[in-house]
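Here is a briefing on side-chain interactions in one protein model. Look over the sequence and the structure first, then read the points by topic.

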Amino acid sequence: MKNESRSVLERSKDFIYKNARLLDRVRFAYHFENGSKADILCALQAYQNEDGGFGNALEPDMRCPHSQPVTTETALLIIQEVGGFDSNVMLDGILSYLQGISLSGGGLPRATMAVNDYPHAPWWTTEQDDIPSLNPTGSIMGLLLGQSARTAFQTERWFQEHVSFIWRCLEESSAGPGDYHDAMQWISFLETVPGERERTAKYKGILDEWLTGSKGIEKNVDAEGYVHKILDYAKTPDSYAYRLLQPADIERHLDWLMADQQADGGWNINFPAVSPAGEQEWRGSITVDRLITLKSYGRLV
């Protein structure tokens, strides 16, 4: 096992330093070479625009330089990854951006129409940007509720309208999330929203039933195409879905993940890429994600 894990890490290092963008090189260094949080935040800040939001293909399926809600969600996830919410420079800008694009009555748009002017994946084509969407509002609010560097903004009207909007979305989804991406919105929000224990417990029950049902976590290790398997939902043992899974299933998927490393040292994506550059950026990001998962489960020693 030790030799195998060393081989996985060495081949990944070669892939990352040959192919990945700077952001994912410093993420790799942070997690596996005693790199610094400051290097990640510095690399991430290059994607932040003057309006405080993030763009510039940080989300590789959107080549748009302008700020986008989902791209800003991506930035928040990376900040969370390294415990970087004490960096008020970026957080101040993010809050300003989110307040500026908040829709009346709560909710953020899934994307703005500016995405149409640049290469993008077809699923990001946007005909209207004045319609609130649970994705990515739920995740963004959850990420902000879960950090403790600053909390005063959480009582502001625009923020509370988003919280109310998310509750309405959950109330209208009695059958549970629509797909994996919706499920991630539910999880992020329900794990961090304060108070209302009975209400939270009710929707966690609906979520758990969906996750363990036929439309939820894909347990077939050999399933192909755009599917989301056990380790997509339970990226680490601290993940919400981990408690719903059997240890034997997790071990089987960890074996599969180790074997799924490609000859060049990286992991592939399971969806169409916008461009060769977009595919390479995704592969660098996903390779670091996969390594973090393997490390968290003790497969890299």
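Ser133 counts as buried, at 14% relative accessibility (buried means under 20% relative accessible area, exposed over 50%, partly exposed in between, with a 1.4 Å probe and protein chains only). This is a predicted model: local features need pLDDT of at least 70, side-chain atom pairs count only at pLDDT 80 or more, and totals for chains, interfaces and linings use all residues. Residues are numbered from 1 along each chain as its sequence is written, and side-chain values use heavy atoms, with hydrogens and water left out.

- Ser133 sits in strand E2 (residues 132-133). Strands (E, at least two residues) and helices (H or I, at least four) are DSSP runs, numbered from the N terminus.
- Leaving aside residues up to four places away in sequence, Ser133 touches Leu108, Pro109, Arg110 and Phe165 (contact means heavy atoms within 4.5 Å).
- A polar atom of the Ser133 side chain lies 2.7 Å from the backbone oxygen of Asn135.
- Ser133 and Ala111 are 22 residues apart along the chain, and their C-alpha atoms are separated by 9.0 Å.

**His162**

- His162 belongs to helix H7 (residues 157-171). His162 is buried, at 0% relative accessibility.
- Its contacts, not counting residues up to four places away in sequence, are Ser102, Gly106, Gly107, Leu108, Thr137 and Met141.

**Salt bridges**

- The structure holds 18 salt bridges (a side-chain nitrogen of Lys or Arg within 4 Å of a carboxyl oxygen of Asp or Glu).
- Asp14 and Lys18 form one, with the closest N and O atoms 3.2 Å apart. The two are 4 residues apart in helix H1 (residues 2-19), so about one helical turn separates them. Asp14 is partly exposed at 38% relative accessible area, whereas Lys18 is exposed at 62%.
- Arg243 meets Asp208 in a salt bridge, 2.8 Å from N to O. Arg243 lies in the loop between helix H10 (230-233) and helix H11 (247-259) and Asp208 in helix H9 (residues 197-211), so the pair ties together parts 35 residues apart in sequence. Asp208 is buried, at 16% relative accessibility.
- Asp249 and Arg252 also form a salt bridge, at 2.6 Å from N to O. They are 3 residues apart in helix H11, so the separation is about one helical turn. Asp249 is buried at 17%, and Arg252 is partly exposed at 35%.
- A network of salt bridges links Arg21, Asp24, Arg27, Glu81 and Asp289.

**Aromatic pairs**

- The whole structure has 12 aromatic pairs. Rings of Phe, Tyr and Trp (its six-membered ring) pair if their centres lie within 6.5 Å; planes under 30 degrees apart count as stacked, over 60 as edge-to-face and the rest as tilted.
- The ring centres of Trp158 and Phe159 are 5.7 Å apart and the planes are at 85 degrees, so this pair is edge-to-face. Both Trp158 and Phe159 are buried.
- Trp186 and Tyr203 are edge-to-face too, 6.3 Å centre to centre with 75 degrees between the planes. This pair links distant parts of the chain: Trp186 in helix H8 (residues 180-190) and Tyr203 in helix H9, 17 residues apart. Trp186 is buried at 1% relative accessible area, and Tyr203 is buried at 4%.
- Trp123, Tyr226, Phe271 and Trp282 are joined into a cluster by ring pairs.

**Charges over rings**

- The charged end of Lys229 sits over the ring of Trp256, 3.9 Å from its centre (NZ of Lys or CZ of Arg within 6 Å of the ring centre and within 35 degrees of the ring normal).
- Lys295 lies over the face of Phe32, 5.1 Å from the ring centre.

How values were computed. A polar contact is a pair of N or O atoms within 3.5 Å; within protein, one must be able to donate a hydrogen and the other to accept it, and residues adjacent in sequence count only if both atoms are side-chain atoms.
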